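Let's take a friendly walk through the salt bridges of this chain. Please keep the structure open as you read.

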Amino acid sequence: MEPAATRAARHRALEAEPMPANMEAVVEAAAERFGDAPALVFFEAGETLSFIALRDEVLRAANALTSAGVAKGGRVATMLPNIPAYPVIWLALARIGAIMVPVNNRYTARELEYLLNDAEAGHFVTHSDYLPVLDGVRGRPAGLSDDRVLLAGAPDARFANRWEALVAAAPATFEAAEPVSLDDLVNIQYTSGTTGFPKGCMLSHRYWIMTGRVSTFIAEFAPRRILMAQHFYYMDPMFLLMMCLEGGGAMYFCSRPSTSRFMDWVRDLGIELCLTFEFVYKQPEDPRDAENDLQVAWLFGLTKESHADFEKRFGTTAREVYGMTETGSNLYVPRDHDHMVGSGSCGIPAPYRQVRIMGEDGREVPVGAVGELWVKGPGLMQGYYNKPEANAEALTDGWFHTGDLFRRDEAGYHYIVGRIKDMVRRSGENIAAREVEAALRLMPEIEEAAVVPVPDPVSGEEVKAYVSLMPGLARARVPPERILAHCAEHLARFKVPRYIAYRDSFPMTVSARVEKKRVMAETDDLRADSYDRVDGIWR
């Protein structure tokens, strides 16, 4: 195992390396260094872009976007499937100095309407598959007219700006109208929090370049093939793309995520690095599981009891990492720290990061005690977009309050204990309880609602909604099927509760909030006396 002093010295060496001017410089350097080597591989669609071809497509896309009126600082919402245009548009916006606002492609019209208006989007790039969602938006931001909607996929007479045509007519040379710096924004990346609807994290060129570099450092090699089995609107594909541009690896995109095909992809494509979750491990065992080229699997939330078996079953090194949209990479377990397998630790601070565990009194807690993890360092988000009150709560003298409870042992390893945030983490998705509750309360028959997490061996946590009906209403008049149908109209599918339970009333705090801890303490099994949407039964 590498001595701690040696590793610390390597951290300092990475932190001392000069940064490129911006993400444009990273793309240009990658095209020069790696040339015709594959950069993006959409393996199900049979499409591949080399590093040179990627650079040229980015230049054409930058021209296409500017021809449609996108300028430096402009906010461009993107709602697209996993097609080559998506990463190309992200890098093109970075070249212009404009800002991408990625939209979860499972959003309902209500959720899309909120995001477009909250981000004050001036343009919207979307695919014909999602026009029914856009059609359901009742109020767009001022200025987001049909001529500012750039449509990919099948044509529609309402939208004259066809993405494929704009790119085909654009030259592969581009000069930004204004200089673009490391601290200019590239993303307003929405993430769920405790205040209901998601908040937009303002992320810069520096954030993404650093996150890519740190990822390569943590991996301790430059992977030739990285699997991205997620949608590109998440932050994970973006930092892995920066990792590929840094090290010359190819990023393999699936058309749609699939748990059942995940390890087939890893094996058949010769994948060397991937991110994986509990649900991959929960798949039925296959005699070929260990027949792969996987050198490192980064784990998110795998139960510590399964860690050693995961490594044995899949024949690879699996390591916990801990990061957030607001901060990038925070903690990691080094590859050579085999003694930490099964410990449940998230590891030690990553390069560029300082961490503290703070008590409610604002003081650092002693070793072994539990408190909130605070993070500091260059390249953190520049705040939540147009949310000064949330920024004041989340940041203190440059320290970001993660909302996660941690403890640290005497050797300096960190362990996540729980969350202060009122959220449900379901199959890798953060779901704000307040947002689901707000959707439930839109139903005239519901007087009050409280959403809590229910532990689940496959998804990690499931969403349970307790509801009380308006006075005089019998439960038979508002069956769970009606409540679930209402939720499906107002929430993305992954946010729809699995469990519905009725209550006559709720215990309330002096500030008129439901005391969820008291509600949850009333039973040892949170599934009991609930309607289970998945199994279609009362438990």
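## A partly exposed lysine and its partner

Lys-72 is partly exposed at 30% relative accessibility, where buried means under 20% relative accessible area, exposed over 50%, and partly exposed in between (1.4 Å probe, protein chains only). Lys-72 pairs with Asp-184 in a salt bridge, with 3.1 Å between the closest N and O atoms. The two sit in distant parts of the chain, 112 residues apart: Lys-72 in the loop between helix H3 (51–67) and strand E3 (75–79), Asp-184 in the loop between helix H7 (163–168) and strand E7 (185–191). Asp-184 is buried, at 18%.

Here a salt bridge is a side-chain nitrogen of Lys or Arg within 4 Å of a carboxyl oxygen of Asp or Glu. Helices (H or I, at least four residues) and strands (E, at least two) are DSSP runs numbered from the N terminus.

## How the model is read

This is a predicted model, in which local features need pLDDT of at least 70 and side-chain atom pairs count only at pLDDT 80 or more, while totals for chains, interfaces and linings use all residues. Residues are numbered from 1 along each chain as its sequence is written, and side-chain values use heavy atoms, leaving out hydrogens and water.

## Two more pairs

Asp-264 and Arg-267 form a salt bridge at 2.3 Å, N to O. They are about one helical turn apart because they lie three residues apart in helix H10 (residues 262–269).

Arg-313 and Asp-289 also form a salt bridge, at 2.8 Å between the closest N and O atoms. Arg-313 is buried at 10%, and Asp-289 is buried at 5%.

## The wider picture

The count comes to 46 salt bridges.
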